[in-house]
Amino acid sequence: MALVISIIYYTHKQASYEAGDKMLTNISSHVQEEITRQLKKGTPLEKVNMSVDSLTINEYAVMIKGKKDELIQTTSHLFLKNHPFSKEKVFLDGSEFQTVTDKNGIRIRIKINPIYLDQSKIGYIETLYSLDSIDRSLKRFKWTVIGLSGIGIIIASIAAWFLAKKTLWRVDLIGKTAKAITASQDFEQRVLYTGPPDELGQLTGTFNQMLDSLEKAYKNQKRFLSDASHELRAPLTTIRGNLDILHKMKNIPESEREEILEDIRNEAIRMSKLVSDLLSLARADAGQIYQKNIINLSTITTEVLVEMELWEKAVLIESKIKDQVMVWGDQDLIKQLLIIFLDNSIQYTNPKGRIYVMVTEEKKQAVIQIKDTGIGIPMEKIPYIFDRFYRTESARKQSPDGTGLGLSIAKWIIDEHQGRIVVNSKLEEGTEFIIYLPLVY
């Protein structure tokens, strides 16, 4: 802004002085032409006539001087009276402009033109112009510009303060909301915003989305801790109760002792599996990075099925596996994924039931299909089966020892490999899991 004002002022100033110089040049040229014409007719310099009566105003004056700077004629004695020059006033011998100051401190602009007769210099024409009116006008203009600029700056500052105040209250609201959440640990609070969808509106929306994520994570953590505590408490209570029996009853029959020890062993195995699953989910929550390579899904699936043959089970597993289905991933995680789904199918399929495993390729994706003839899942419960510790009533009855963490771990492994899963199920008919993983080309 200051630069623009300076440019305007100096442009106006330059234009004003140039207009004065142009006027001096025109008057000087006109007078010189008249004098030259009269001199050629034989009129002496002392007798020439300057027809510039219109210039007998206070601002202008034209003087004819001799070679020794003596005054011969002038159009305005009043000008010389109003603007007395000091003795130090010196004029250059040429046609350049000069600026001098009279005894009253008023600046005078002078243009000097030499007078020639037969190539001999016989005198000078001095055209004078008082810069007093221009200087006073420019001074008024300068202070007017400064005043208006000051008023403009004040108005702009007030407007900026008002806009900043109007804008920053929303930022202050976000800050207060964050402090309130920190103090209360209440992630249900949100920043209320009804303004335009500008940058601050987007910031508020992003902040509320962050609060949504924090609320979900906080609730999941609370539920996870509650469920984990409950699941761990059950086997620990059983183990402690059985140990108390063994401690108090010294002469317990051997058969009962064996039964109690087997119960303790089973609960310890269950607790060990639960802790292992919790550690897997903790690593997932921590964002642990796994080293991925090109792996043969067909080979891994075959290896898992071979291991399954050694398990004690009352169901039949059938498979159809395409050779050389290559994916990008972690071999141990993919193996764990297959074991989780197959173990689930075995647990929730009644004796003499069947499990079908198929590995194929489809539209640049590896497809793993695991289908059983088990108890099935109610349609309305399918969206929740991947939640931690979630188990349907029928699942709890069919397999009381389950933890409800396996499918959560499986879903995390699928997401880690940029895959997806589709679940189809009908009660008393069975469940089908279809897993899609990107192929390697």
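A salt bridge here is a side-chain nitrogen of Lys or Arg within 4 Å of a carboxyl oxygen of Asp or Glu. Keep that in mind as you click around. The model is predicted, so local features need pLDDT of at least 70 and side-chain atom pairs count only at pLDDT 80 or more, while totals for chains, interfaces and linings use all residues. Residues are numbered from 1 along each chain as its sequence is written, and side-chain values use heavy atoms, with hydrogens and water left out.

**Stop 1: the salt bridges**

The whole structure holds 10 salt bridges. Select E416 and K292: their side chains meet in one of them, at 3.5 Å from N to O. E416 belongs to helix 9 (residues 406-416) and K292 to the loop between helix 5 (254-285) and strand 6 (293-296), so this pair ties together parts 124 residues apart in sequence. (Helices are DSSP runs of H or I with at least four residues, strands are E runs of at least two, and both are numbered from the N terminus.) Is K292 buried or exposed? K292 is buried, with a relative accessible area of 16%. Buried means under 20%, exposed over 50%, and partly exposed in between, using a 1.4 Å probe and protein chains only.

K411 is partly exposed at 27%, and D415 is partly exposed at 41%.

**Stop 2**

Now show the open sheet of five strands, ordered 7-9-10-12-11 with mixed pairing. Its edges are strand 7 (316-321) and strand 11 (420-426), each pairing on one side only. Strands count as paired if DSSP finds at least two bridges between them. Zoom in on strand 10 (residues 365-372) and strand 12 (residues 430-438), which pair antiparallel over seven bridges. There, I368 stands opposite I435 of strand 12.

While you're here, select E361 and K322, another salt bridge, with closest N and O atoms 3.4 Å apart. E361 is in strand 9 and K322 in the loop between strand 7 and strand 8 (326-329), so the bridge ties together parts 39 residues apart in sequence. E361 is partly exposed at 33% relative accessibility, and K322 is partly exposed at 41%.

**Stop 3: helix 3**

Finally, select I155 in helix 3 (residues 132-184). With 52% relative accessibility, I155 counts as exposed.
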